[in-house]
Amino acid sequence: MNRPTLSLIAVATALAAVTGVAALTAPEPAADTTATTAARRLPVERSSLLCPAPSTSDLAETTYTSFTPVTDGTGDQGAAELLPAGAKAPEKDAADEDGDGDGDGDGEQDGTADDGSDDEASGDGKSGDKDAEPVLKPKEPGKPVTGDATGGEAPALVGTAEGRFAPGWTLQQTTEVAAGTGRGLQGVACTAPDTEFWFPGASTGTDRTDYVHLTNPDDSAAVVDIELYGKDGALETVVDDGITVQPHSTEPVLLSTLTEAEETDVTVHVVVRSGRVGASVQALDDTLGGDWLAASADPAGSLVLPGLPEDATAVRLVLFTPGDTDADLKVRLASPSGPITPAGHETVQVKAGTTTAVDLGEVTRGEAGSLLLTPADRPVPVVAAVRVLRGEGDDQESAFIPAARPVGARATAAGNTAKGTVLAVTAPEGTAKVKVTASAGSEGGSPESETFTIKSGTTQHLDGPVPSGLKGTYALTVEPEPGAPPVYASRTLTAPDDGVPAFTVQPLPDDRGLVAVPRAEEDLSVLQR
């Protein structure tokens with residue numbers, strides 16, 4: 001009885017994966033070689049991404065960029081769109097049976113970008129039950145589409161991609177704020193909904209205004225706990241029963257309203273009791289600008305924080321260990337020439353359950369690099385992020401780099417510009433070759449690809465490739481050679497403004513565009529092992 005039952009369960013699992021239930025979390029490759037041969041990797045068929053409300057500043061100018069890399073095996077059907085949270089998608093025309101949004105029913109995408117209201121956010125910040133036009137609606141994989149919003153009332157957005165638009169779908173939200181608290185460049189890769197997030201590097205200090213943005217994409221309410229940890233451990237908070245995020249809505253929560261403690265360095269732990277949410281922290285400083293703090297990679301004994309800029313004037317490392325065991329870590333900088341141990345910061349100890357901060361100063365010393373954290377003794381899971389400053393005096397700007405997940409099979413950063421884009425790639429465990437592809441431009445241009453060799457223990461900052469004849473923005477896709485050791489990457493955007501070196505950094509984790517599916521014709525009893 002066990003064998004047929006298990007086979008049916010495996011087939012059901014396979015069908016669920018293909019239809020999108022497992023679209024955002026591809027299983028790890030099986031260790032058993034027999035099980036591996038009984039599985040194949042297929043494109044996911046549905047993806048969801050959530051973008052937080054970008055700013056409350058009337059001076060904010062926000063650009064959204066959507067991109068899906070071309071993936072074999074997806075067919076020619078599908079659609080993607082980005083809508084304000086709480087808004088209903090407009091009903092499809094009866095003639096538009098193929099879902100491409102052009103109403104001709106032919107399954108082909110007409111043109112390259114919607115005009116008028118399809119490409120611009122409404123900017124009214126309101127959500128409701130009435131139909132809403134998409135902020136943007138991609139027309140074909142392989143070509144970015146952009147949308148814009150101005151002012152401080154742009155809403156949070158909920159995006160859905162299906163069919164050929166789902167595998168590797170990426171959304172970038174970039175906001176320029178000309179003045180005031182948090183002025184500068186604020187960028188974030190819109191996130192998939194999940195049930196747990198770690199944010200080391202937040203603050204409840206008087207000079208900071210930090211919000212955690214919670215967005216619920218589903219039809220039922222989500223209940224979320226927010227735990228805060230400072231230098232001495234857990235902070236007492238005023239919310240005991242959790243925060244309810246209503247269906248298809250967003251809740252920006254000011255961290256300083258959750259606790260009376262004023263802490264320079266805080267780790268935020270978001271845990272979803274029921275449902276799922278997207279979560280990001282917006283960190284705004286009175287004098288040092290602001291940026292989004294993306295979630296750290298899951299707690300692990302070794303971490304990589306890729307893409308510290310060469311002209312960093314200050315780097316502050318913030319760590320937290322969630323267990324009951326202290327962590328002792330070695331600190332190294334993977335520079336262009338190889339790993340370097342920062343003088344005076346060879347190791348760092350993180351006491352269990354507490355947030356630890358270390359000022360590394362000008363650790364890059366004119367050479368771009370990545371921070372490598374490895375166990376000094378036994379491995380103890382930790383999370384980490386760095387706050388990076390560029391500039392001097394009153395012309396300083398801040399950004400955050402969290403510990404990143406590996407690039408895996410493929411990763412993409414959207415919203416790149418002809419000038420002011422730098423891709424950082426590091427291979428801490430062995431030499432790796434990576435293919436980097438620059439997509440077509442959002443308004444014109446042809447894709448270009450180039451292969452780079454990243455030597456073991458180094459970080460390479462790559463200025464190319466760039467699409468030929470580029471018009472508009474473009475996407476960068478990184479693909480390590482099959483069988484290559486783990487590779488980590490981040491993308492830096494810069495937009496200097498009146499002497500302020502505005503910048504933002506986003507890691508490039510695996511896009512999880514493929515999911516492992518057991519072969520129905522194989523003997524699925526191997527899954528009993």
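Reply: Burial terms come before the pairs: buried means under 20% relative accessible area, exposed over 50%, and partly exposed in between, with a 1.4 Å probe and protein chains only. The model is predicted, so local features need pLDDT of at least 70 and side-chain atom pairs count only at pLDDT 80 or more, while totals for chains, interfaces and linings use all residues. Residues are numbered from 1 along each chain as its sequence is written, and side-chain values use heavy atoms, with hydrogens and water left out.

Me: How many salt bridges are there?

Reply: Eleven salt bridges. The rule is a side-chain nitrogen of Lys or Arg within 4 Å of a carboxyl oxygen of Asp or Glu.

Me: What does Arg 46 pair with?

Reply: Glu 162, at 2.5 Å from N to O. Arg 46 sits in strand E2 (residues 46–51) and Glu 162 in strand E6 (residues 157–163), so the bridge ties together parts 116 residues apart in sequence. Strands (E, at least two residues) are DSSP runs, numbered from the N terminus.

Me: How accessible is Glu 162?

Reply: Glu 162 has 35% relative accessibility, so it counts as partly exposed. Arg 46 is partly exposed too, at 34%.

Me: And which residue does Arg 316 bridge to?

Reply: Asp 265, again by a salt bridge, 2.5 Å from N to O. Arg 316 is in strand E19 (residues 314–320), and Asp 265 is in the loop between strand E14 (249–254) and strand E15 (266–274), so parts 51 residues apart in sequence are tied together.

Me: Is Asp 265 buried or exposed?

Reply: Buried, with a relative accessible area of 13%. Arg 316 is partly exposed at 24%. A network of salt bridges links Asp 265, Arg 316 and Asp 359.

Me: What about Asp 285?

Reply: Asp 285 forms a salt bridge with Arg 387, the closest N and O atoms being 3.1 Å apart. Asp 285 is in strand E16 (residues 278–285) and Arg 387 in strand E25 (residues 383–390), 102 residues apart. Both are buried.

Me: Switching to packing. How many residues are in the largest nonpolar core?

Reply: 29 residues; Leu 305, Leu 371 and Leu 373 are among those with the most contacts inside it. A nonpolar core is a set of buried Ala, Val, Leu, Ile, Met, Phe, Trp, Tyr and Cys residues joined through side-chain atoms within 4.5 Å.

Me: Which strand gives the largest share of this core?

Reply: Strand E20 (residues 327–335), with four residues.

Me: What does Leu 373 touch?

Reply: Its contacts (heavy atoms within 4.5 Å) include Leu 303, Leu 317, Val 331 and Ala 384, not counting residues up to four places away in sequence. A second, separate core has 26 residues, including Val 212 and Leu 255.
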